[in-house]
Amino acid sequence: MKRFLLAYLALVALVALAWGWALPLDGAGGAPPSAWAVREHALTLTGLWAFALMSLAMVLATRPARLEGVFGGMDRIYRVHKWAGILAIGLAALHWRVELSDGLIKTFFGRDGRLPKAHGSNLFEAMRDLGEDFGELAVYALLAMLVLTLWKRFPFRLWRHLHKIMPVLYLMLAFHAAFLAPIGYWTQPVGMLLGLLIACGSAASVHALAGWIGRSRRSAGVIESVEEPAPGLTRVRCRLDAPWPGHRAGQFAFVAFDRVEGDHPFTLASADRGDRRVTFEIKALGDYTRGLAQRLHAGARMTAEGPYGRFDLAPDDSGRPQIWVAGGIGVTPFLAWLEALQDTPAQAPDADLYYCVRSRDDDPFVGRLEALTRTLPGVRLHVLSSAQGERLDARRLAAHAPGSARPAVCFCGPHGLLGALRRELAAAGLGGIRIRHEAFEMR
Ligand SMILES: Cc1cc2nc3c(=O)[nH]c(=O)nc-3n(C[C@H](O)[C@H](O)[C@H](O)COP(=O)(O)OP(=O)(O)OC[C@H]3O[C@@H](n4cnc5c(N)ncnc54)[C@H](O)[C@@H]3O)c2cc1C
């Protein structure tokens, strides 16, 4: 993700520098550039970067399923969306600081070298003034949004409603960019880039404001049963209506049981049997999921949007040993994988599934995992119960990599456990191994 965002920013800078730089950086006769020229370049580059990132974040917010292959799944698209947004706000704040630097430059360098402002008709000037006001207002609103995003204690539900203002802020920024970009831009390739960003970001904003995000992938359905197999766990079985295309084991859907609450991402924790029946295993992890079993009932309508995600059980013909690690409710994609393999046990890979739980004795999934792995001799189940002092350690992991064989590692679970797994692999001398994982957090 970091590499992608850096490459994106480098590309934008390249277009601006290579073809579109409207102002010469050198002073006359090879003299050093004036502070005013540097300010102007800093202003346009930070503005362009911030706007390019904001446009990217806006487009990714529309859940573009076609880009899942490029990014490696919708959970990753959301991560890029989040960091593109955070970086964009940082750069927009920097852009604003540079804009305010003229007083300082006047004090230290005087007015010499100040670049003349391009003037247009009265209407154009009025639009530029409005664009400036929009930009200023949007930067303040974005900074407030950034604080709420990073402040994890701020309730997600409220944050989500406030976040709906983003397309409006984007349209204000697009107006700002269109009227305040240097006029010389529009005859350069950088003008084409800016025009493309404005068009894509504005189309995405309108799409979001109209409520069209995910509309073509949404299916209505009915809840068939609701169970509470253990305190804090809700199992919901649903039957979806006709447009539901089916899913691959390991994918997820945005599910809405309640129109006012809106959708939440949950893994499709059952294999696809072609009958549009799906199961969700939902752990009480917050405001909405707490007490969910008491609020849902059979016969109620619901919607599922999807399927999304690339955390599927890929056929592995490399012969490498596989390590699957599930932490707590992160077991859901593995349940779907194991269920999907029941009809074709010969296709099951040689894998060790580590299921890390608090207490094996009252865990609702251990029995099901034992039953599902019993028919798959290639898949060995290891339940590690922290209440009994068991944990995934370097010694166990190193045992899967005899000689030069590098195991393929798939992970789904809490972030802390992923960090611990990375440390354990490094301690076992397997630090170079890439871990395929599903991110259960989008904020
Ligand atoms: C790809 C994916 C698959 C998931 N699969 C499962 C699963 O099979 N079983 C399960 O129990 N949990 C799953 N989760 C987590 C589940 O979505 C959250 O636990 C749930 O949405 C929490 O809602 P809440 O209102 O109770 O909690 P809150 O306290 O409001 O939120 C807790 C955290 O959950 C996330 N979250 C909450 N609401 C949303 C939303 N509408 N959209 C996106 N993220 C949200 C945010 O990161 C938030 O910080 C999955 C998450 C993702 C991203």
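Visitor: Hi! How many bridges join strand β1 to strand β6, and do they run parallel or antiparallel?
Guide: Strand β1 (residues 218–230) and strand β6 (residues 301–308) are joined by 5 bridges and run antiparallel. Two strands count as paired if DSSP finds at least two bridges between them. Strands here are DSSP runs of E with at least two residues, helices are runs of H or I with at least four residues, and both are numbered from the N terminus.

Visitor: What should I know about the model and the numbering?
Guide: This is a predicted model, where local features need pLDDT of at least 70, side-chain atom pairs count only at pLDDT 80 or more, and totals for chains, interfaces and linings use all residues. Residues are numbered from 1 along each chain as its sequence is written.

Visitor: Back to β6, then. Which residue there is the bridge partner of Gly 221?
Guide: Met 302 is the partner of Gly 221. Strand β3 (residues 252–256) is also joined to β6, by 4 bridges and antiparallel, with Val 255 facing Ala 304 as its bridge partner.

Visitor: Zooming out, what are the domains?
Guide: The domain assignment gives domain 1 (2–209), domain 2 (215–308) and domain 3 (322–438); such bounds come from an automatic or database assignment. Between the C-alpha centres of domain 1 and domain 3 there are 43 Å. The protein has 14 helices and 11 strands, and its C-alpha atoms fill a box of roughly 80 × 55 × 35 Å along the principal axes.

Visitor: How much of the protein is buried?
Guide: Of its 443 residues, 33% count as buried. A residue is buried if 20 or more other C-beta atoms lie within 10 Å of its own, exposed if 12 or fewer, and partly exposed in between, with C-beta atoms placed from the backbone.

Visitor: Which residues are closest to the ligand?
Guide: Phe 156, Thr 267, Gly 286, Tyr 288 and Thr 289 are the closest of the 25 residues that surround the ligand. The elements giving two or more residues to this shell are α7 (156–163), β4 (264–267) and β5 (277–283). The largest share, 4 residues, comes from β4.

Visitor: Now α8. What span should that helix have?
Guide: Helix α8 (residues 166–180) has 15 residues and should span 21 Å at 1.5 Å a residue, which agrees with the 21 Å between its end C-alpha atoms. The expected span is 1.5 Å times one less than the number of residues. Its buried residues include Met 166, Tyr 170, Leu 173 and Phe 179.

Visitor: And what do the buried residues of α8 pack against?
Guide: They pack against α2 (35–60), α6 (122–150), α7 and α9 (189–209). Residues are in contact if their C-beta atoms, placed from the backbone, lie within 7 Å.

Visitor: Why is strand β7 largely enclosed?
Guide: In strand β7 (residues 322–327), 5 of the 6 residues are buried, so the rest of the structure largely encloses it. β7 pairs in the parallel sense with strand β8 (residues 351–357) over 6 bridges, and Gly 327 has Cys 356 as its bridge partner.

Visitor: Last one: is Phe 411 buried or exposed?
Guide: Phe 411, in strand β10 (residues 408–412), counts as buried because it has 20 C-beta neighbours inside 10 Å. Beyond its neighbours within four places in sequence, Phe 411 is in contact with Val 325, Leu 418, Leu 421, Ile 435 and His 437.

How values were computed
A residue is near a molecule or strand if its C-beta atom, placed from the backbone, lies within 6 Å of it. Two residues are in contact if their C-beta atoms, placed from the backbone, lie within 7 Å.
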